[in-house]
Amino acid sequence: MHLLVNTINLNLKRLTKPSSLVLLFNVNSRRPLYLSSSLFNNETTTPPPSVSEDPAGNSVFLKKKYSDTLLLPKTDFPMKVAHAKREEHENTIANKRQFEQLYGFQSLWRQGQPEFVLHDGPPYANGDVHIGHAVNKILKDITNRYKLLRGYQINYIPGWDCHGLPIELKATKDGKRGILTDPLSIQTAARKIVDESIAKHIEAFKRWGILAEWNSPYKTFDKSYIKAELQAFLQLYDKKLVFRDLKPVYWSPSSKTALAEAELEYNQKHESPSVFLSLDLESTNIQEFISKIDATTPTVLDKDAQVQVLIWTTTPWTLPSNRAIAFNKTEKYCLLDARQSNNKVFYVVASALRTQFCVAKNANYATVLEFSGEHLSKLTYKHPWFENEICPFVHSDHVTMEKGTGLVHVAPAHGHDDFVLGLQHNLAMDCYVDDQGEFDSTIPKLKALPVLSLGNKVIMKELANKIVCSTTIIHSYPYDWRTKLPVIIKTSKQWFVHTEDLKSKALDLLKNVHIHPKNVENGMLSQLIRRPFWCISRQRTWGVPIPVLYNKETGEPLINKKIVDRLCELVDKSSNIDYWWTCPVSEIIPDDMDPDDFTKGKDIFDIWYDSGLSWHLLGGKIADMYLEGKDQFQGWFQSSLLLSTALRETSPYKNLYVHGFVVDEHGKKMSKSIGNVVSPWSVVTGCAERNQPAYGADVLRWWVAAQGSADGGNISASSALLRSADESVQKLRNVIKFLISYCNEAAAADLNLDNISYDELMYTDQYMLALLRDFRNQVTTHYEDYNYHRVLMKTLHFATSEVSSQYFTWAKDRLYCDFLQSQSRKSCIYVLSQIYSTLSKILAPVLPYLVEESYSHYKLGNQSIFKSTWFAEEPSWDNKNITTTFDLVLDIRESLNHIIGANNPKDLWVELQCDAKNFQTLQILHPLPDDDIDKCDSELCDILQISGLDLKCYEVGESNPKTDPLQPINFAIKPTGVGHSHTGYSVGICKTKMMQCARCRRFCCTPGDVLCTRCLSVMKSILQKQSQATSPAQVESSKKKVVNI
């Protein structure tokens, strides 16, 4: 057999060894048998590859790669960035793509567009960042970046809460000077701590890719902010919405200041004494008692027996302040026989709590008689500590039958309900506890004893003869959230906001606020409804002083516009309010008043008052969103709403977004002592001690979006979740790399994709656009609902399944092997560009580093993706006919996969018999061909990934598997596997008789051929173009190379 060898030199540039394409033809059929790159030079001739013969006697050359003729994906975009290089890689991206300048750029790009205002709840400027900062700031950033892509101009000014006890406590412990007590020294030290903390925070926030106005953040110790606080307080005072009064407040002995309820946390394992005490009635004679309760004297009673009432308390230290016993007149009470050999005593308790008391006492006291609680109002008793004092019984609805004795010890100075009763019944408000949480000198035996420790013990010892029984209980108790130590309740003169006058209006305004997620919206309502008086004064130094002078004789407060305006002038001059602690009253008081009559107050504003006024920075705008942790229902969300309601009668926000707290994989709170703290810096830059790689900012952001936006519940952080986030981001990187290998802006321009119409697209591509349209709509809905975790789940599934596993598989053959400018490739690349555009915009809010990096490879120039806007609606992509057709095709593919299992279908021939309806549907993807070669070339073959397909319709009279699936099907082939479907088709498979093309690797060549028709045509085109670029001498030399085999 003779083979003609034509060689045409392909060198466009001088190479070390000229590269030539070699064509070997069958002399009889003139069909190509071999075509590939070969190395020929002027000195030697490399012989052609060896041959073998197929059963028909045709020469078949061994496999030879054609990679240099394939249009394989090409891009400099890296497939993977090693963990060790993540930090440098992301920093390079941030610098090149100008992350820090993006906020300023968007203000120009979106000038005149609607504004989206996300008002930043200020974190404490104290210490380094923690994982909670990452959750909060990244969720805000995802929201802002999404809104930016939707065409909004972003208004996001980061802020810091610069006052507060943690900062002051740290400032007072100056290492060089010991414990600081001088106010100015504390101010200076605190300000330094704040500045250093803010610098650390900004560094971290920038590294996480947070989009913000970093050049001018707001700080609550800025002079403009301080002046706004002073003026707001004056307005509240003039409206009679703030007042000073003696009230019971939560008092922290460890912090030496009053606390608001939002500054408490509850220790579920606090230990307290549980004490039952018997108190003598003023007249202990049982006959007189019987007379007062209008009962008949039982025969069992001794005439000289005594009656005592039982009270129960867990705060024995409050007993000296006892002023009454509360009962519930609607309940029944009973007289218990507690007589012993030398003790003729009867106890009074609530009937419903008799059993509980007997269990505590480990006794079984019989009930002598029962009576209505209303009769107790006729009785009086002897004070437990000051026995010469006689105290009343008073009714109260807050007395319940849940525990105790139904007779409640009332100390108006140490309880909120007790205080109300004290006002109602004109009871004394005696408080014997000082600001240290110790007894003052009023009671010599108790002087200087800490009430919660030694105070309790000494009182119980002194009252031992009155204690019926006692034990220790473990229960929930309020603690100072900063010092983690227990608080007490005691009366103190403080400044309060009249919350009762604001609640109704605030609740009405809250009805128009959308709270996300839905399952937590009742949290805000319930917290606001239960809100007691809001104490806004604190007895500390580091904060904004309450601008009030007090009359030295009467103690009456003095505040007016002249004083506040003067203070604001002094703030402007000094840039802070430190002068308050040193300047004389004469510099503040109006000229017509005697400064010697007044003294300056020593209280500062509560930090919730500080931050609760931050909405004034928006200049009258209502924030579109406040986004914080769920603890802010009783904190910043509430203080902002109350103050905005009071001062401008409107809500400060339109939406509230709430996230949970970070816990470890076991649901435990992050704690340094436990050792389960996850630092955001260790996630981004790595941690050798924890054997944790440097994941980078994008992985941190993915974890936040995936875990932090679900339902407002706790957010789990673990090594496993971070690895999963890393793997997810890597999968998306792989998909994006393939996309931009073909659909970058330069390639799109070469192919003139802008002028391609929907009708020109292949059906497979139209189907992909239908899927893409549905995907866009679903993800947009998730973004609008702030369900970022659903965005990620949907996007990851779409990218890895519908796009990568499915569409890439269908499209690779035409991408790699068709003509460069073929309509099939244009159609596919147009769809790839739409997929990339969609994925990049959907992922950009969450993964700005990855997307900006890919965009630099996709887009000519240095334009940020955030200059673009969200994708437009594409009605033409909503093609119901195409989706219906592909529903059938995918069902057929599933049936085929069920038959072949894990085997590759590429060398299979399929016979598909179906009913008339399905036959007509499938013809658009597999037009009826004339020969076997054409049966290999269809979209249906590409989708099924098979060699070729016979599409047949059931004829009249033939069995129809749709109605009779058990009837045998007469396949033209001899199937090695069959499948039937109730949807109207049957599938038969066998090995194909077609040969594998040496270039595209599909089984679509007739025996004796090496290249399929398509690949031969492409190669001829390549040769023709290359011959036109080759000199005549090289062509003539190549023609002389003939090999006789």
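I take buried to mean under 20% relative accessible area, exposed over 50%, and partly exposed in between, with a 1.4 Å probe and protein chains only. The model is predicted: local features need pLDDT of at least 70, side-chain atom pairs count only at pLDDT 80 or more, and totals for chains, interfaces and linings use all residues. Residues are numbered from 1 along each chain as its sequence is written, and side-chain values use heavy atoms, without hydrogens and water.

**Asp 942.** I looked up Asp 942 and found it in helix α27 (residues 939-944); helices are DSSP runs of H or I with at least four residues, strands are runs of E with at least two, and both are numbered from the N terminus. Asp 942 counts as buried because its relative accessibility is 15%. Beyond neighbours within four places in sequence, Asp 942 contacts Trp 810 and Arg 1002, where contact means heavy atoms within 4.5 Å.

**Cores.** I define a nonpolar core as a set of buried Ala, Val, Leu, Ile, Met, Phe, Trp, Tyr and Cys residues joined through side-chain atoms within 4.5 Å. The largest has 163 residues, and Trp 702, Trp 703, Tyr 783 and Tyr 807 have the most contacts inside it. Helix α21 (residues 788-817) gives the most to this core, with 14 residues. Apart from it I noted another core of 68 residues, including Phe 598 and Ile 607.

**Sheet.** I traced an open, antiparallel sheet of three strands in the order β29-β28-β30; strands pair if DSSP finds at least two bridges between them. Strands β29 (557-558) and β30 (598-600) are at the edges with a single partner strand each, so one side of each lacks a neighbour in the sheet. Two bridges join β28 (residues 549-551) to β29, and Tyr 550 stands opposite Pro 557 in β29.
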